[in-house]
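Subject: Structure for your files, with notes

Hello,

Here is the structure we talked about handing over. My notes follow below it.

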Amino acid sequence: MSEQGSNEQAGGQVTLQKIYVKDLSFESPNAPQVFAEDLKPKTQLNLRSGHRELDNGTYEVVLTVTVEAKAEEKTVFLMEIQQAGLFGLSGIGEEHRGMLLGSFCPGVLYPYVREAVASVVQRGGFPEFLLQPIDFDGLYAQSRQEGATPPAEQQN
């Protein structure tokens, strides 16, 4: 017990309390005509995360992913999902909290987003759409180097 307790004090502890979909929308404004056309849509992915402290040491982290598929000027589909999770952070200093909330926690939520996007797009009548892996550590480090507010700290 004392060894485990000292590890928690030295390194802190992150606990995953809940994962849930906070918001989900899918639009295919040109259906059913879009299914009859031989379109080669281009997709644009927009990704952002945010967090807020709910109570002492419990944070809600929200990963928002927007996927828009367009062929020329015609919208094929538009999907947005806010995948959220409740994370408990204890024994973690300020210097590491930002990294956990801006990189680690969104990385935990991302596989759920990938599954939801693939499933919903397919249910919308389109071929399965697989999101590629994302290096959240690299994105967080890049935002810190650029002096920008890390994506995980933008939501209030």
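**The sheet and its strands**

Val62 stands opposite Ala84 in β4. Strands here, like helices, are DSSP runs numbered from the N terminus (E, at least two residues, for a strand; H or I, at least four, for a helix). Before going further: this is a predicted model in which local features need pLDDT of at least 70 and side-chain atom pairs count only at pLDDT 80 or more, while totals for chains, interfaces and linings use all residues. Residues are numbered from 1 along each chain as its sequence is written, and side-chain values use heavy atoms, with hydrogens and water left out.

The pair Val62 and Ala84 belongs to the pairing of β3 (residues 58-71) with β4 (residues 74-90). These two strands run antiparallel and are joined by 14 bridges; strands count as paired if DSSP finds at least two bridges between them. Another bridge partner pair is Ala69 with Phe77 of β4. On its other pairing, β4 runs antiparallel to β1 (residues 13-27), with 13 bridges, and Val21 stands opposite Gln83 there. β2 and β3 are also antiparallel and joined by 13 bridges, with Tyr59 of β3 as the bridge partner of Glu53.

Together the four strands form an open sheet in the order β1-β4-β3-β2, with antiparallel pairing. β1 and β2 (42-55) are the edge strands; each has a single partner, so one side of each has no neighbour in the sheet. On average, neighbouring strands are turned by 15° against each other, direction ignored (axes are lines fitted to C-alpha atoms, for helices over the stretch in contact, and angles run from 0 to 180 degrees between N-to-C directions).

In β4, 12 of the 17 residues are buried, where buried means under 20% relative accessible area, exposed over 50% and partly exposed in between (1.4 Å probe, protein chains only). Thr75 lies in this strand and is buried at a relative accessible area of 17%. Setting aside residues up to four places away in sequence, Thr75 touches Pro29, Asn30, Glu68, Ala69 and Lys70; contact means heavy atoms within 4.5 Å.

**Turns and a cis bond**

Two hairpins are worth a look. The one formed by β2 and β3 has two residues between the strands, and Gly57 takes a positive phi near 90° in it. Gly57 counts as buried, at 12% relative accessibility. Beyond its neighbours within four places in sequence, Gly57 is in contact with Phe87, Gly88 and Leu89. The C-alpha atoms of Gly57 and Leu89 are separated by 5.1 Å, although the two residues are 32 apart along the chain.

The hairpin of β3 and β4 also has two residues between the strands. Here Glu72 has phi near 55°, a positive value in a residue other than glycine. Is Glu72 buried or exposed? Glu72 is exposed, at 78% relative accessibility.

The peptide bond from Ala31 to Pro32 is cis, with omega near 5°. Pro32 sits in the loop between β1 and α2 (33-36).

**Helix packing**

α3 and α4 (residues 136-145) pack with their axes 9 Å apart, at an angle of about 150°. The contact is made by Gly98, Met99, Gly102, Ser103, Pro106, Gly107 and Tyr110 of α3, and by Phe136, Asp137 and Tyr140 of α4. By class, the contact residues are five nonpolar, four polar and one charged. The classes are as follows: Ala, Val, Leu, Ile, Met, Phe, Trp, Tyr, Cys and Pro are nonpolar, Asp, Glu, Lys and Arg are charged, and the others, Gly among them, are polar.

**Whole chain**

The protein chain has four helices and four strands, following the pattern α-β-α-β-β-β-α-α along the sequence. Of its 156 residues, 37% count as buried. Among contacts between residues at least 6 apart in sequence, 67% join residues at least 24 apart.

Regards
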